[in-house]
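Hi,

Here is the structure I promised to pass on. My notes on it follow below; have a look when you get a minute.

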Amino acid sequence: MNKNIDEIKLEIEPLRQQIINHKVYAKINDLKDLKVFMEHHIYAVWDFMSLLKSLQINLTCTTIPWFPVGNANTRSLINEIVAGEEADIDDMGNKKSHFEMYLDAMKQCGADTSQFELFINALKVGSSRAEAFIAADTPEAAKCFVDYTFELIDSNKLHEQASAFTFGREDLIPNMFLSIIDDLNHKFPEQMSKFKYYLERHIEIDGDHHSHLALEMTSTLCGDNETFWKEAKNVAIASLQKRIILWDGVYDSIYTLN
C-alpha cells in the first residue's frame, strides 16, 4: 500500500471510529426513527453522485469531438465506478442507480421524499443551491454536508475530490446499524426489504470493489506531489467531520421527535 495512503488512514481513524460508533445508531429504534435518518441521508446519497460525476467529467472526455484525456488508468477506474453506481441491479433485477434504489427504499418504508424532491426540482429549473435549500426547507446539517461537497466540486482540484470520494464516503456502515436494519426487516419485511437490499449492495459493491478502485485513483492523482497529498489528507479529515455533523443533526432530529 502507498505510504501516503497509510498515513491518511492512520490520521482519519479516530474520526472513522467516531462515525462508526456514533450515538445516532442506537437512537434508531423503529420505522419512525429510520424515516428521519433517511430524510437526512438522501442528500448525502445524491451529492455522492454529483461528486462522482465531477470526477468523471474531468478525468474523461465527455464532449464532442472526442479526444483522449489524462491517464487511461484513471479513465478506466472512474468509468468502472460510475457504471456500478449509475446502473446497478435493484432488488427486482432492474437497472437502477444507487440513488434511485435509495428513493425506492424511502418510499417503501413510508419516509417523506417530498422535501428532497422539492430540492431536486428547484435545481432542475435553474434555482441556485441556496434557493433550492429554502424551497425544500432542507435540514441544516444536510445543507452543511452538501455545501462542502460542492465546494470541492467547484474548486476543480481532482485530487481533493478523489480524497473525499475515497475516504469520506466508503466503508462507514457499522455492524450495529446493520443489526438494527436486520431487526426492523424481520418485523416489517414489506417496508424494509428495499433498504436492506440497498445496504447489502452498497457494502458488496462500494465498500469492497469500488473502495479499492478509489484508493488507486487517489494515489494516481496525487502521484509524487507532496502538496497534493497534504491537501488530500486535509480533505479526508474535513469530509469525515462533515459526516459527523450530519449524524449529529440526524440524532437531534430523532431526539426532538421522541
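Start with Q161: leaving aside neighbours within four places in sequence, Q161 is in contact with L51, S54, L55, L152, I153 and N156 (contact means heavy atoms within 4.5 Å). Q161 sits in helix 9, and because its relative accessible area is 0%, it counts as buried. For that label the cut-offs are: buried under 20% relative accessible area, exposed over 50%, partly exposed in between, with a 1.4 Å probe and protein chains only. The side chain of Q161 also reaches the backbone oxygen of I153 at 3.5 Å.

Before going on, the ground rules. This is a predicted model, where local features need pLDDT of at least 70 and side-chain atom pairs count only at pLDDT 80 or more, while totals for chains, interfaces and linings use all residues. Residues are numbered from 1 along each chain as its sequence is written, and side-chain values use heavy atoms, with hydrogens and water left out. Helices are DSSP runs of H or I with at least four residues, numbered from the N terminus.

N156 is in the loop between helix 8 and helix 9 (158–169), and at 44% relative accessibility it counts as partly exposed. D137 is another non-glycine with a positive phi, about 50° in this case. You'll find D137 in the loop between helix 7 (129–136) and helix 8 (140–155); at 61% relative accessibility, it counts as exposed.

While you're checking backbones, look at I64 and P65: a cis peptide bond joins them, with omega about 0°. P65 lies in the loop between helix 3 (31–59) and helix 4 (72–86).

Now helix 1 (residues 3–20). Its 18 residues should span 26 Å at 1.5 Å a residue, and the end C-alpha atoms are 24 Å apart, which agrees (the expected span is 1.5 Å times one less than the number of residues). There is a kink of about 50° at E13, shortly before the proline P14; the bend is the angle between axes fitted to the seven residues ending at a residue and the seven starting there. The N-terminal end of helix 1 is capped by N2, with a side-chain oxygen 2.7 Å from the backbone nitrogen of N4. Buried residues in helix 1 include I8, I12, L15 and R16.

Over in helix 11 (residues 189–222) is E200, partly exposed with a relative accessible area of 42%. The side chains of E200 and K196 are joined by a polar contact of 2.4 Å (a pair of N or O atoms within 3.5 Å; within protein, one must be able to donate a hydrogen and the other to accept it, and residues adjacent in sequence count only if both atoms are side-chain atoms). E200 and L178, 22 residues apart in sequence, are 8.9 Å apart in space, C-alpha to C-alpha.

Which helix gives the largest share of the lining of the largest cavity? That's helix 3, with 6 residues.

Cheers

Methods. Helix = DSSP H or I, 4+ residues; strand = E, 2+ residues; numbered from the N terminus.
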